[in-house]
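Here is a short briefing on a ligand site and the pockets of a protein model. Please look over the structure before reading on.

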Amino acid sequence: MDDCIFCKIIDGQIPSTKVYEDDRALAFLDINPQAPTHIVVIPKAHMRNILECAAREDDLLGYLMGLVAQLAKDQGLADKGFRVITNCGEHGAQSVEHFHIHLLGGAQLNGKMG
Ligand code: AMP
């Protein structure tokens, strides 16, 4: 989508620090990290949020979650643990309307979710 920041990252119009890429997904470092390791995992196809991803007839949502778990292992987060978040819509405080999953770890995170 023309005015989507994450589509521009996929296209290379906006630089990012890529952690992983394949034909369906991209993972890159969050520009404003909330933990020592903060990776954003996105589908290459544009969709607004988890609802649109779950409504697809393919296995993309499960694929992305599997990728998040693999990246957590690759990043050395599996032993101590980590957090996986996807914000959706206004009450979820989603700021970029291209579905994304946050992977956070590398330190003790606080117990608050909201
Ligand atoms: P959310 O608030 O869940 O929509 O998350 C959007 C995330 O995208 C935030 O954590 C931002 O820091 C991150 N973000 C926005 N622009 C960029 C960018 N150009 N490169 C990397 N991360 C970004």
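Predicted model: local features only at pLDDT ≥ 70, side-chain atom pairs only at ≥ 80, totals over all residues.

The ligand sits in the largest pocket.

**Ligand shell**
- The ligand is surrounded by 15 residues. Asp30, Asn87, Ser95, His100 and His102 are the closest.
- Eight of the shell residues are nonpolar, six are polar and one is charged.
- Helix H1 (5-11) and strand S2 (25-29) are the elements that each give two or more residues to this shell.

- A side-chain N or O atom of His102 lies 2.9 Å from a ligand oxygen.
- Val96 places a polar backbone atom 3.0 Å from an oxygen of the ligand.
- For Ala93, the distance from a polar backbone atom to a ligand oxygen is 3.5 Å.

**Largest pocket**
- This pocket holds about 860 Å³ of space.
- Its lining counts 30 residues, with Asp30, Asn32, Gln34, His38 and His102 nearest the centre.
- H1, S2, strand S3 (37-43), strand S4 (82-85) and strand S5 (101-105) each give two or more residues to the lining.
- H1 gives the most, with three residues.
- By class, the lining has 15 nonpolar, 12 polar and three charged residues.

**Second largest pocket**
- Its volume is about 170 Å³.
- Among its lining residues are Gly76, Leu77, Lys80, Phe82, Arg83 and Leu109.
- The lining comprises four nonpolar, four polar and two charged residues.

Notes:
Residues numbered from 1 in each chain as written. Heavy atoms only, no water. Near = heavy atom within 4 Å. Polar contact = N/O pair within 3.5 Å; in protein donor to acceptor, adjacent residues only side chain to side chain. 1 Å grid on protein atoms, 1.4 Å probe; cavity = no way out; pocket = protein on both sides within 12 Å on 5 of 7 lines; lining within 4 Å. Sits in = over half its atoms within 2 Å of the grid points. Helix = DSSP H or I, 4+ residues; strand = E, 2+ residues; numbered from the N terminus. Nonpolar A, V, L, I, M, F, W, Y, C, P; charged D, E, K, R; others polar. Points joined across faces, edges and corners; volume = space filled by probe spheres on them.
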